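Have the chain open as you read.

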Amino acid sequence: MSFFASTYEWPTCSIDFTVVGDGVRDGAGEIVQHDNRFILKAPGCFSFATGQPETRMLRTTIDNRPALLRGGIFIIDGRPGLRIDELRVGSDEEQPRYTEMFATFEHLDSICSYRFEDGAQRSMSAPLTLPALEDASQMSATFSSAPDSVTITSPVPVPLDAFETHLDALQDLLTFAADIPVGRLSLSATDERGWTVEIHGRDRYAPFARASRHPIEHQLRLSGEWAQTVIDRWWAARESLRPIPQVTAALRYRPGYVEADVLFSAAAIEALATGTDVGEQPRLSDEDAQPIIAALDSLSGLNNDQRQIVAQLKADTRRTTFRSKVRLLLATVSDTAVANSRVAVEEWLPRFIETRNSIAHGSNDTRPSRSIWTDSALLRAVRDSNRVLLSLAFLAHLGVPDAALERAAERLGNRYGGRHRPTGIFV
């Protein structure tokens, strides 16, 4: 978590401070900007030695309001200073507890807008339930109080970390929904005394400042009556289907090298195909497997190693292949949505299986047909088709209705289809 300089303007660059804990002396310092971070320079006040706490906290006053600074030691101009990771204005409590958070996010209003494909529209003033997640208890979220804002309420006062668990899950969902990076713009809180505290820092990313898309271009919106189902399933997937939600968001936050994105998306598709109940069918039916099993059972005089091999062969007749799991996963997406995506599944699937096998089994096959890692055009086509089909399968898992899913597939197909037509993976 970081405090980015682009998100805050100090009313004064000179502050007096007192110490909370060890490793710092009371004193005065100057706030300076280094790259996109703030550093507090206070010669003689900071030390950097073994056994001292990694995080230092200071009390000060900002605009005549109590404030708390938190950060780590940073060497600047040859001397230790404080890299500021968090600033709270309105309270200088060391371990506060809060009942409510008010946050603004990029593109949130657009994500909460309504289109006819979304079906019945929900009341935007009605709160959505945020299920318990990790160590955070259940909370509620309301999206209608101010532009691009959400208010998250806890039934009992809790530490900031509990709210951040929900805020992180929500930010990832918004990024997946908009299909572009969504940054958090502001955060304020109400503590258990009823005081308002402005919280700066603790951000994963600086604002992305990407132009907002029209709602028709989003993968999903939170305006339909099914929004609660999406919230429930996304929150559950954060734990039960890890790392699928994390990967789907990360591919949009910070796209990496093509090879890395192929690996991550392939791993997420495998996790989704394996971790969801898609009615898996065995490799062979009972009728087809019976002659093989009978022949294996007729063998006699086998030693222990041979018996183990026979048992393995018999089990393989009833094993579900990975290819069949992927096909069953895609069957959860309507035929119209798959067609709208413009992905030629029969061309994509062998390339995807090749990628998956390279990851899972370290395949070193150098046959000319195994060109996925050397053909850059093919590699990019696999990356984008992985992303499209992963998005559609996960949208179906989240409970997005067919009409909205088919519109999202059409948008994705139009976005990627024209780029890769020569590879045959898109039509």
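Thr104 stands opposite Ser149 in β10. That pair belongs to a predicted model, where local features need pLDDT of at least 70 and side-chain atom pairs count only at pLDDT 80 or more, while totals for chains, interfaces and linings use all residues. Residues are numbered from 1 along each chain as its sequence is written, and side-chain values use heavy atoms, with hydrogens and water left out.

Strand β7 (residues 98–105) and strand β10 (residues 149–158) run antiparallel, joined by six bridges. β7 also pairs in the antiparallel sense with strand β11 (residues 184–191), over seven bridges; there, Phe102 has Ser188 as its bridge partner. (Strands are DSSP runs of E, at least two residues, and helices are runs of H or I, at least four, numbered from the N terminus; two strands pair if DSSP finds at least two bridges between them.)

Now for the holes. A cavity is a set of points on a 1 Å grid over the protein atoms alone where a 1.4 Å probe fits but cannot get out, and its lining residues have an atom within 4 Å of a point. Points are joined across faces, edges and corners, and volume is the space filled by probe spheres set on them. Two cavities of 30 Å³ or more turn up.

| Cavity | Volume | Lining residues |
|---|---|---|
| Largest | about 40 Å³ | Met1, Asp168, Gln171, Arg184, Arg202, Asp203, Arg204, Tyr205 |

For the second largest cavity, α8 (322–330) and α11 (376–398) each give two or more lining residues, and α11 gives the most, with three.

Terms used
1 Å grid on protein atoms, 1.4 Å probe; cavity = no way out; pocket = protein on both sides within 12 Å on 5 of 7 lines; lining within 4 Å.
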